[in-house]
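Take a look at the fold below before reading on. This report goes through its rings, charges and strands in turn.

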Amino acid sequence: MLEPKPSTRRIPLVIATVAIGGLAGFAALYGLGLSRTPSGDPTCKAAVATAQKIAPLAHGEVAALTMASAPLRLPDLAFEDSEGKPKKLSDFRGKTLLVNLWATWCVPCRKEMPALDELQGKLSGPNFEVVAINIDTRDLEKPKTFLKDANLVRLGYFSDHKAKVFQDLKAVGRALGMPTSVLVDPQGCEIATIAGPAEWASEDALKLIRAATGKAVASL
């Protein structure tokens, strides 16, 4: 009686399985390396340091501010000025900014605008500016009429009728609703972000923004 020959089919199958398993393991390790979150722009470490310094001032009317905990350079947001000329966030380099997104259909936005206008009147200058960007997409004259009727004349008028600025901030996790405001350092890096309105003309807000611009930081 002949003994059955050992099956040779299992050998290539085992080899193939091991090879596939090895390749999968290598791919997994390689994939992990590719998917690592970047450490952030080194230039923005100064903004994180500023956030840490002024964090004790984020209370009262500005308690909802979330301080930057990792370096983040904001997208170079593109919008237009009151004359329809193109502007970018990088055009304001050298100033600390409060970038605000608003729309006339957003009730909290409309309520917040007088405080932003007052903040601009009190603190705007070589070191600070409020950049409030309107994102109405339909009646393009409505935002201007709103500002005029409310006598909000100290804010510069900026707009993005395609609302791409919102999408750009959303892409980096900094726009979840309206209004949205981001405190930005002179290099274009995030210091703090808030989703929702705030009393920007309050003493709490004024102290925090003065500190963010370098005034009174040493006393914190």
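Is Asp117 buried or exposed? Asp117 is buried, with a relative accessible area of 2%. Bear in mind that this is a predicted model.

Asp117 lies in helix H3 (residues 107-123). Arg154 lies in the loop between H4 and strand E6 (158-159). The two are 37 residues apart in sequence, so the pair ties together separate parts of the chain.

How does Arg154 compare with the cut-offs? A residue counts as buried under 20% relative accessible area and as exposed over 50%. Arg154 has 44%, so it is partly exposed. Asp117 has 2%, so it is buried.

Lys164 is partly exposed, at 48% relative accessibility. Asp168 is buried, at 19%. The cut-off for buried is under 20%, so Asp168 falls on the buried side of it. Helix H5 spans residues 164-171. Leaving out residues up to four places away in sequence, Asp168 touches Pro75 and Leu77.

Arg174 and Glu190 form a salt bridge too, with their closest N and O atoms 2.7 Å apart. This pair links distant parts of the chain, 16 residues apart. Arg174 is in the loop between H5 and strand E7 (180-184), while Glu190 is in strand E8 (residues 190-195). Arg174 counts as partly exposed at 23% relative accessibility. Glu190 counts as buried at 4%.

## Rings that pair

A pair of aromatic rings is described by the distance of the centres and the angle of the planes. The structure holds four aromatic pairs. In one of them, the rings of Phe79 and Phe92 have their centres 6.4 Å apart and their planes at 20°, so the pair is stacked. Phe79 lies in strand E2 (residues 78-80). Phe92 lies in the loop between strand E3 (86-88) and strand E4 (96-102). They are 13 residues apart in sequence, so this pair also ties parts of the chain together. Both Phe79 and Phe92 are buried.

Trp102 and Phe146 form a tilted pair, with 5.8 Å between centres and 45° between planes. Trp102 is in strand E4, and Phe146 is in helix H4 (residues 142-149). The pair links distant parts of the chain, 44 residues apart. Trp102 and Phe146 are both buried.

Which residues form one aromatic cluster? They are Phe79, Phe92 and Phe158. Phe92 also has a charge over its ring: the charged end of Lys87 sits there, 5.3 Å from the ring centre.

Strand E7 is mostly covered, with five of its five residues buried. In a regular strand the side chains alternate between the two faces of the sheet. Both faces of E7 are covered. Thr180, Val182 and Val184 are on one side, and Ser181 and Leu183 are on the other.

Which way do E4 and E7 pair, and over how many bridges? They pair in the antiparallel sense, over five bridges. The bridge partner of Asn100 in E7 is Ser181. E7 and E8 also run antiparallel, joined by five bridges. Here Leu183 has Ala192 as its bridge partner in E8. E7 and E8 form a hairpin with five residues between them. Gly188, in the turn, has a positive phi of about 85°.

## Helix H6

Helix H6 covers residues 203-212. Which of its residues are buried? They are Ala205, Leu206, Leu208, Ile209, Ala211 and Ala212. After H6 comes Gly214, whose phi is positive, near 105°.

Terms used: Residues numbered from 1 in each chain as written. Predicted model: local features only at pLDDT ≥ 70, side-chain atom pairs only at ≥ 80, totals over all residues. Heavy atoms only, no water. Phe/Tyr/Trp six-rings, centres within 6.5 Å; stacked < 30°, edge-to-face > 60°. Helix = DSSP H or I, 4+ residues; strand = E, 2+ residues; numbered from the N terminus. Buried < 20%, exposed > 50% of the residue type's maximum accessible area, 1.4 Å probe, protein only. Lys NZ or Arg CZ within 6 Å of the ring centre and 35° of its normal. Contact = heavy atoms within 4.5 Å. Salt bridge = Lys/Arg side-chain N within 4 Å of Asp/Glu carboxyl O. Pairing = 2+ DSSP bridges.
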